[in-house]
Amino acid sequence: MAESQDSSPVVNRREALSTIAFWCATAGAVGAVGLPAARFAIGASLEEGAHSWVTVGPVDKLSADDFKHVEYHFRATDAWREVTKEGLLYVRLGDGGEAFVFSATCTHLGCNVSWRKDESRFACPCHKGFYDTNGEVISGPPPRPLTRLETRMKDGVLEALV
Amino acid sequence: MKTVLTWLNDRAGWNGPIRSLMKYPVPAHAHHNPMFSMGSLLVILFLLQAVTGMLMAFYYDPSPEGAYGSVDYIQFTLKYGWLVRGIHHWAASLMIILVVLHLLRTYLYGAYKRPRELTWLFGVGLFFVVVSFGFTGYLLPWDQKGYWATQVGTEIAGSVPLMGDWLRSVMRGGEEMGIATLTRFYATHMLVLPAAFVMLSAAHIALMRRNKLAPALIRKSDEPENTVPFYPTHLAIEAVIALAVVLGLIFAANQFPAPLDLRADPSDSTFVPRPDWYFLFYFQLLKYFPGDLEAVATVLIPLFFFGSLALLPFLDKGAERRPWRKPITSGAFVVYAAAVIILTILGAR
Amino acid sequence: MRKRYLAMAAVLAALAVAVLGACGGDEKASPNTLVAKKSSPASLAADDAAWNKATATIIKTSVIEGSKAKAAVDVSAKALYSGSDIWFRFEWADATETAARVWTFDGAAWKSGGSEDRLALYWEINPIDKFQTRGCAVLCHNPDTDTIDKWYMITPGVDDRADNWHWKAARTNPIGQVDDKFLTGTLTDPKDIESANKGDAKDAGGYADNKAADGKGPAKMQDPAKQPGAGKGNLLVAEAVALDVSKLKAGDTVPRELLAAWTGSRGDIEAKGVWANGKWTVVFHRKLDTGHEDDVKLVTGKSYPFGLSVFDSAGAVDHTISEDVYLLKFD
């Protein structure tokens, strides 16, 4: 094998092998660390969040035209810690006696809405979205109605799934 | 002293490279115009942020439970904590202002044209990095302001079609805001973004030096411009400006202490979330795109904005650089600036 | 040449306007904020000139459903501070001045009666869950299953502490103080629903019951040789002598408590309250940092949530409360 072929148009075989070896080894090293690294960075992000049944309250204290403001909390695991998850929901009695429980999270960009009794509507302080007593959007940027939560009765007390 | 320097030069051989760095000829039109010092000021501000940030990291606790207490401790109990945090707070806002001024100066001077397109592209990247610094840093005290601004900011990411949910979950480290949100924002703010800033700046400055500053817009004659050496002549002016800025930041930290809102409360419905001032224009803009049009404001407009910035050197290829001879780019500047200013004022009300 | 500088100047001006516009928005104080002004009054007089510089915040209080509080009351509040001290000025409407907790003599026997007007505030000493958004509502133990007579005050966490400033028209105002107490997280006596609320540590002083051994009347009365040092109708411990019925006639009253100023943490807050023309005006004064662990430490620059209640000639649960939380801020 000739050693000195530096100016010939034919690629020097040793250089070619070295180049391939360099790139393969580098790609291998980068991939060996990089792929698990990317998976690591994502971690449990794509898993579903913590859900739980929380106490809303006794049904006899609810009314049909006024929403009750309920702050809930439950214990859950967040990454490496057990934490108390908190949130807000609103509840009222429907015409048929069933409970309407709405998550207070605005469907636009996630702020907590407040119930305005004198105006009979929910108002979001962030971008002026408004919802009616059925959670439907009256005006503003929210794209969907307020999320209605699943409910159940447990020992005479109303619970909602958050 | 001379013996030490000779010894060092003999070992490191750095006299040559340092000399060429320091003796770089700065054109007169740049030397006399403070608008040409924005870049250096940004480097100095970054160093200031790095130092104050590192100092705060000695005490900051990046967990939802401990973050607020640690920032409260820094601000109100630690000796000179108000100064370190105050400088960090005001320098952050100043960096945003200067990055915009620097961008505008380059834009209006047409200094993004051949052969400086690559410098401009790295600059757009740096702009994005600086704004990201603001966004990630805002959450760290885990107070009402930071928590809700991030809740909204990540929801905006969530409204991107197709990848929205994935993006939001990865940004939050989960479905909801929690422990993993704070740690990844902290890691990004402290490690990823500074590394990106250093690498992009190094490339940006190297390219700027290689291609030299764009010639003055108006030239009295065809003779080559007068120049002054970077060190000590031009640096003297920049050092004085830097000193004024540092003193100004110390004054600001003292007279207007960095704010700390109440602790974050995810179940609170009384707090009115607002982003930091440099996002107010966007906050206002979002109000105009109801329901299905949401994606226009959260995807199309930002894409258009950054896209048009990045593509600028390839859209405006002509040799003409004087702004009064370029109605389209000058007109676009007026429209963008007016829109941002008006939206900011409306958003602040 | 000029065009370049004009363009730059225009850009700078525009940015300045944008930033200033942005800053202006943040600084507007919400209606629930009490902003303390940096200025020191010369005395506890409610009409001290320094108070003209402070902005008044209206603290709205409402009646607790089921209590016997008469009506909702709005309290106009102002605050001033110096490098080391803080003053509060509260003003609210009250048709009658009630500041007499007395034994009344009918010629033969005694009857206990009378009441007093009061004002009370709660602050967090350590961060209390939800206090910053809901105020003293989180300090009230009032489950749906209990009737109002079983409600009591207690902090939600066993290790929480809340600072209670309780001004009493009959028992603390005459000696120029506010009763400085603190709320804990356990009922030290399960049968006493007020046992979570404790008085701050004291060196000496405080009011004491004026009760005879049989509990049917007072034990002491004002020394007739001395003018009442705390004003007519107030009996100081130092001026009390043994009861001598021969000096009294039907209709006379003797205070149910003997008063003495506290020294030590319990006496941290001095006060001067005056009732005139259907209004109470009360000024409090305390060190920003008392150095005591049973007090809220106030640091200028931070914000402090607090709740307030008004008692109109009443006690226990019969008070109005501020339903929203209020924030003390420093200018």
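**Figure 1. The largest nonpolar core of the predicted model.** This core holds 93 residues, and Leu89(A), Val91(A), Val101(A), Leu45(B) and Met95(B) are the members that touch the most others in it. Helix α6 of chain B, residues 81-108, supplies the largest share of the core, with 13 residues. Apart from this core lies another one, made of 54 residues, including Ala46(C), Ala54(C), Ala77(C) and Leu298(C).

**Figure 2. Contacts of Val101(A).** Leaving aside residues up to four places away in sequence, Val101(A) touches Val56(A), Leu89(A), Val91(A), Arg148(A), Leu149(A), Thr151(A) and Ala160(A). Val101(A), Leu89(A) and Val91(A) are also among the residues that touch the most other members of the largest nonpolar core.

**Figure 3. Cis peptide bonds in chain B.** One cis bond links Arg114(B) to Pro115(B), with omega at about 0°. Pro115(B) sits in the loop between α6 and α7 (117-139) of chain B. Another cis bond links Tyr231(B) to Pro232(B), and here omega is about 5°. Pro232(B) belongs to helix α11 of chain B, which covers residues 230-255.

**Figure 4. Positive phi at Lys128(A).** Lys128(A) is not a glycine, yet its phi is positive, near 60°. The residue is placed in the loop between β6 (121-124) and β7 (129-131) of chain A. Lys128(A) counts as partly exposed because 14 other C-beta atoms lie within 10 Å.

**Figure 5. Positive phi at Ala316(C).** Ala316(C), also a residue other than glycine, has a positive phi near 50°. In chain C, the loop between β20 (304-311) and β21 (320-322) contains Ala316(C). Ala316(C) has 14 C-beta neighbours inside 10 Å, so it is classed as partly exposed.

Key
Residues are numbered from 1 along each chain as its sequence is written. Chains are lettered from A and ligands numbered from 1 in the order in which they are written. This is a predicted model: local features need pLDDT of at least 70, side-chain atom pairs count only at pLDDT 80 or more; totals for chains, interfaces and linings use all residues. A nonpolar core is a set of buried Ala, Val, Leu, Ile, Met, Phe, Trp, Tyr and Cys residues joined through C-beta atoms within 7 Å. A residue is buried if 20 or more other C-beta atoms lie within 10 Å of its own, exposed if 12 or fewer, and partly exposed in between; C-beta atoms are placed from the backbone. Helices (H or I, at least four residues) and strands (E, at least two) are DSSP runs, numbered from the N terminus. Two residues are in contact if their C-beta atoms, placed from the backbone, lie within 7 Å.
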